[in-house]
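Please examine the structure shown here with attention to its strands and helices.

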Amino acid sequence: MTTELRTLTVRTPELTLRALAWGPEDGPLALLLHGFPDSATTWRHLGPLLAAQGWRVVAPYNRGYAPSDVPADGSYQLGALIGDVADIHDALGADGRAVLIGHDWGAAIASGVSHHAPQRFSSVVLLAVPPMPAVVSLFRTPRPRNLPLVLRQLPRSWYMSVAQVPVLSQLLGERLIRLLWALWAPGYDYRPDLDAVLNSLPDRTRRRAALSYYRALWNPLYRRRKYAEEQRAAFGRARVRTLYLHGAADTCGLIDLGSHALSFLPAGSRACVVPGTGHFLHLEDPDTVNRYVLEFVGPAPTAPLTSPRRIHGTHPS
């Protein structure tokens, strides 16, 4: 079974995405989504292991991150990101055996996909970010018992406020990215990962794109009507069995944010805290995280669940 790294170009109706890929091209899809400030290279540990289990692993650079396109319409709302997943699934001719794995923003996207398009994936894995409705419930429900947790989390989410001010975030630029890695991965040698994300966000246009994810999350002025259906699904309850993993020492998101995650997930789901890891748990302790993931998704099934779709829009590069 080939586990060698290669690159892939995926053309969707909205934009062209570049991706890292491992595994057999005729295997069922394992789609891996990165977060901020990160890049597709964050999956260099998990990708080859899934490939060895027969999965066709594809890890795209999210819209706006080089070498993928900056979207012409400037849309970075969760609905657009959910739409990208559906478009990639179609472009790769995937079926319902596919699995979806996301870290940070990738986890938020995967959570929305689990509600919007459950027929496309057999299982979902969320790293470092709980199911979106579990998070939203803490902030939208005015319950006194939620207040201490919200007050503890808000100082950790300061960077989201910075992202709302374009001039400030552009002035900080690369320094903000370096600072977040230093804060979120204090005991980990993150230099290769930092180099990779700086290559993906090398200039103001790319950094503006990445930070626009946060602006579109809160500000409706950054949203586009054509993604309205996906946007409505972004905070819906998961409809695909899900594994949720969180680092015990995460300095970005408190593990208590996901303490009730299972109540927002369907039967067969799991939630686990990974000891000794922070926000980048899949990089800090890849052996443990990969074991959890492989146990949950299992080896790639060989029998197709549906008739294969026509494969279009993909080119080796």
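The questions and answers below concern a predicted model.

Q: Which residue of S5 is the bridge partner of Ala30?
A: Strand S3 covers residues 29–33. Four bridges join S3 to S5, and the two strands run parallel. Within that pairing, the S5 partner of Ala30 is Val99.

Q: Which residues lie on each face of S3, and are they buried or exposed?
A: In a regular strand the side chains alternate between the two faces of the sheet. In S3, Leu29, Leu31 and Leu33 are on one side, with Ala30 and Leu32 on the other. Both faces are covered, and the five residues of S3 are buried.

Q: What is the handedness of the crossover from S3 to S4?
A: S3 and strand S4 (residues 56–60) pair in the parallel sense over three bridges, and Leu29 stands opposite Arg56. Between these two strands the chain passes through helix H1 (residues 46–52). This β-α-β crossover is right-handed.

Q: Which helix belongs to the β-α-β unit that contains S5 and S6?
A: Strands S5 (residues 99–103) and S6 are parallel and share five bridges, and Val99 is partnered by Ser123 of S6. The unit is right-handed, and its helix, residues 105–116, is H3.

Q: How is H2 oriented relative to H3?
A: Two packed helices are described by the angle between their axes and the distance between the axes. The axes of H2 (residues 78–91) and H3 come within 9 Å and cross at roughly 75 degrees. Because angles of 65 to 115 degrees fall in that class, H2 is roughly perpendicular to H3.

Q: How many nonpolar residues does the contact of H2 with H3 have?
A: H2 contributes Leu78, Leu81, Ile82 and Val85, while the H3 side includes Trp105, Ile109 and Val113. The contact has two polar and no charged residues, and its nonpolar residues number eight.

Q: What distance separates the C-alpha atoms of Arg239 and Ala86?
A: Arg239 is in the loop between helix H11 (228–233) and S7. Not counting residues up to four places away in sequence, Arg239 touches Ser114, His115, His116, Pro118 and Pro266. Arg239 and Ala86 are 153 residues apart along the chain, and their C-alpha separation is 15 Å.

Notes
Residues numbered from 1 in each chain as written. Predicted model: local features only at pLDDT ≥ 70, side-chain atom pairs only at ≥ 80, totals over all residues. Heavy atoms only, no water. Pairing = 2+ DSSP bridges. Right-handed = clockwise from strand over helix to strand, strands pointing away. Axes fitted to C-alpha atoms, helices over the stretch in contact; angles between N-to-C directions. Parallel < 35°, antiparallel > 145°, perpendicular 65-115°, else oblique. Contact = heavy atoms within 4.5 Å. Nonpolar A, V, L, I, M, F, W, Y, C, P; charged D, E, K, R; others polar. Buried < 20%, exposed > 50% of the residue type's maximum accessible area, 1.4 Å probe, protein only.
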